[in-house]
Amino acid sequence: MSTLTEPQRTEPAPEFGILYAEIQQFYSHQMQLFDAFDGARWAATFTPDAVFDVPTLERPLRGRAELAASVEHNRSQRERGGEQLRHWIGMLDLSPQPDGTLHTRCYALVHATPRGGPSRVLRVCVMRDVLVRSRGKWRTHHRVVTRDDLD
Amino acid sequence: MSTLTEPQRTEPAPEFGILYAEIQQFYSHQMQLFDAFDGARWAATFTPDAVFDVPTLERPLRGRAELAASVEHNRSQRERGGEQLRHWIGMLDLSPQPDGTLHTRCYALVHATPRGGPSRVLRVCVMRDVLVRSRGKWRTHHRVVTRDDLD
Amino acid sequence: MSTLTEPQRTEPAPEFGILYAEIQQFYSHQMQLFDAFDGARWAATFTPDAVFDVPTLERPLRGRAELAASVEHNRSQRERGGEQLRHWIGMLDLSPQPDGTLHTRCYALVHATPRGGPSRVLRVCVMRDVLVRSRGKWRTHHRVVTRDDLD
C-alpha cells in the first residue's frame, strides 16, 4: 500500500531521464552560443518576453533585442583585448512544475583567460531559471543569477 | 551471431539513461543542500548508518546526527565571516553492482569565495560513493573522499 | 499539421536521453583513465586509427600506441614530482550525424594540484570529438582541442 501513497517515488520515470538530458543539452548549447558571441541565436534560446537579471547589470535585460545587444557588448570587449570567458553550469537541479514550466537551480562558473596568460575562476554564481516549452523547444523565460562574492 | 554473445553491448539500455539522470539530480540536490547549510535535509540524503570519510576530518562521520552536526559547524564558520563554499562534482562514472547497490566515482571541486573578494579553487578531490536505493530513493551509504593535495 | 512538419521537435526522443547519458559516462570513464595513467585502457577508448590533436603537442598523435605512450610520459612526469592533473569536461553539446557518427563539442578544464600545495585552473579548452560506435561501444575517432590562452 505504501507504494500507492508515494507512486512517484517507487519507480524511476523514463520521462525524467529524457528531460534531464534535454535540459543539459539546452544549457550546453545556450552557454556555448553566449561565449561565441552569437547574439541572435543566443537570444533565441530565451522567450520573446524573457527577463534576465544578473548583478553585473544595472537593471534586468528584457526581451531578445536587449539580450542580443548585451552579447555584442561582450564581443566588442573581447575584440579590444578582453579575456575569453567560458560560462559553465553544473549541479543542475530540476523542479518540474504543475503548470508545465520547469524551474531549474544550478551553479554557474565563469572562467577567464587572457591571450598568453593564465586562466582563473572569475566568478562563482547560482543561477535560477524558469523554462517554458513551446513547439517542443525549451526556452528561458526568467533568469536570476546571484554572485557569491556579492552575497 | 556476435550480437547474441554480447547482448548488453549491442543496444543502449534505457534504464541506464534514467539512472544516470537520477544520480546527477541526486548529487545536484545533495550538494546544494550542503552548501546551503540545510543539515537535516542533507543528512537525509544519506542512509541512517552512513559513513562519511573525508581527509579534512579527524575520523569518519557516522550516522545522520553527526552528518547534520558537521553542517551546523560549517554554518557557524560562514556566519563568522567564512567564505562561501560550493561543492561541485563531475566526471561521474557509475558502476551498478549485482547486489543492487550503485558504486560511483567522480571528481569533486570546492570553490571558495570571500565576500567582496576573488573566487578560487579551494580543493580538487576524488569522491567514491556506495549508493543504495530504498523506497525509490537513492541515498549515500558510504563515502570516501581523497584530496589531490594530500595524495 | 505543424507537428508533422517538425516531427523531431514536438516530442522529446527517448533515444536522446539514453545517448546523452551514455556519452557522459563515456567521457567520465575516459578522463578518469587518462588522469590515472592507465594508458592501455585509455587508448582503447579511441579507435585504432584515431587522431588526437592538441596544441600542447608538436604534432597530432595517431593510433593507440602513440596515445598510450603519451600517457606513460604523463606518468613519468608525475612520478618525478609533477602535479596531479584532473581533466574535466562540461557543457557537452551533441550533434548526431546522418552517417551514424556523433559530433561533440564541449569545454574542458584541467586542474593541477601539487603535493601539499594549492590547486589551480591550469587550462581552459574547447574539445571537439568525432565519436563512432562499434559493437555497441562509442570510441573517439578524431579529437581536436583548442586552448583559450593560445586562441
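This is a predicted model: local features need pLDDT of at least 70, side-chain atom pairs count only at pLDDT 80 or more; totals for chains, interfaces and linings use all residues.
In an unreviewed UniProt entry, the annotation "domain: SnoaL-like" is placed on residues 20-143 of chain A.

**The chain as a whole**

Chain A contains 5 helices and 6 strands, and, read from the N terminus, these elements follow one another in the order α-α-α-α-β-β-α-β-β-β-β. Taken along the principal axes, the box filled by the C-alpha atoms of chain A is roughly 65 × 35 × 25 Å.

Within chain A, the side chains of Arg143(A) and Asp129(A) form a salt bridge with an N to O distance of 2.7 Å. This pair connects distant parts of the chain, since Arg143(A) belongs to strand β6 (residues 137-147) and Asp129(A) to strand β5 (residues 120-134), the two residues being 14 apart. Over all chains, the count of salt bridges comes to 24.

**Relation between the copies**

The size of an interface is often expressed as the accessible area lost when the parts come together. Chain B and chain A bury about 2500 Å² between them, of which 56% is on carbon and sulfur atoms. In chain B, the residues that lose the most area to chain A are Gln32(B), Arg86(B) and Trp88(B), which together make up 29% of what that side buries. In terms of contacts, 30 residues of chain B are paired against 28 residues of chain A.

Side chains of opposite charge can pair when their charged atoms come close. Across this interface there is 1 salt bridge, and the side chains of Arg86(B) and Asp148(A) meet in a salt bridge with an N to O distance of 2.8 Å. Between chain B and chain A there are also 10 residue pairs in polar contact, counted where both residues have pLDDT 80 or more. The elements giving two or more residues to this side of chain B are α3 (14-35), β3 (84-96), β4 (102-113) and β5 (120-134), and the largest share, 12 residues, comes from α3(B). By class, this side of chain B has 8 nonpolar, 14 polar and 8 charged residues.

**The side of chain B that touches chain C**

Toward chain C, 29 residues of chain B are in contact with 30 residues of chain C. Chain B and chain C bury about 2500 Å² between them, 56% of it on carbon and sulfur atoms. The count between these chains is 1 salt bridge, and Arg86(C) and Asp148(B) are joined through their side chains in a salt bridge at 2.8 Å, N to O. Residue pairs in polar contact between chain B and chain C number 10, with both residues at pLDDT 80 or more.

On this side of chain B, two or more residues are given by each of α2 (7-10), α3, β3, β4 and β5, while the largest share, 7 residues, comes from β3(B). By class, this side has 17 nonpolar, 4 polar and 8 charged residues.

**Salt bridges named above**

| Pair | N to O distance |
|---|---|
| Arg143(A) and Asp129(A) | 2.7 Å |
| Arg86(B) and Asp148(A) | 2.8 Å |
| Arg86(C) and Asp148(B) | 2.8 Å |

Technical notes. Residues are numbered from 1 along each chain as its sequence is written. Chains are lettered from A and ligands numbered from 1 in the order in which they are written. Side-chain values use heavy atoms; hydrogens and water are left out. UniProt positions are given in the numbering used here, feature names are shortened, and annotations may be inferred rather than shown by experiment. Contact means heavy atoms within 4.5 Å. Buried area is the accessible area (1.4 Å probe) that two parts lose on being put together, summed over both. A salt bridge is a side-chain nitrogen of Lys or Arg within 4 Å of a carboxyl oxygen of Asp or Glu. A polar contact is a pair of N or O atoms within 3.5 Å; within protein, one must be able to donate a hydrogen and the other to accept it, and residues adjacent in sequence count only if both atoms are side-chain atoms. Helices (H or I, at least four residues) and strands (E, at least two) are DSSP runs, numbered from the N terminus. Ala, Val, Leu, Ile, Met, Phe, Trp, Tyr, Cys and Pro count as nonpolar, Asp, Glu, Lys and Arg as charged, and the others, Gly among them, as polar.
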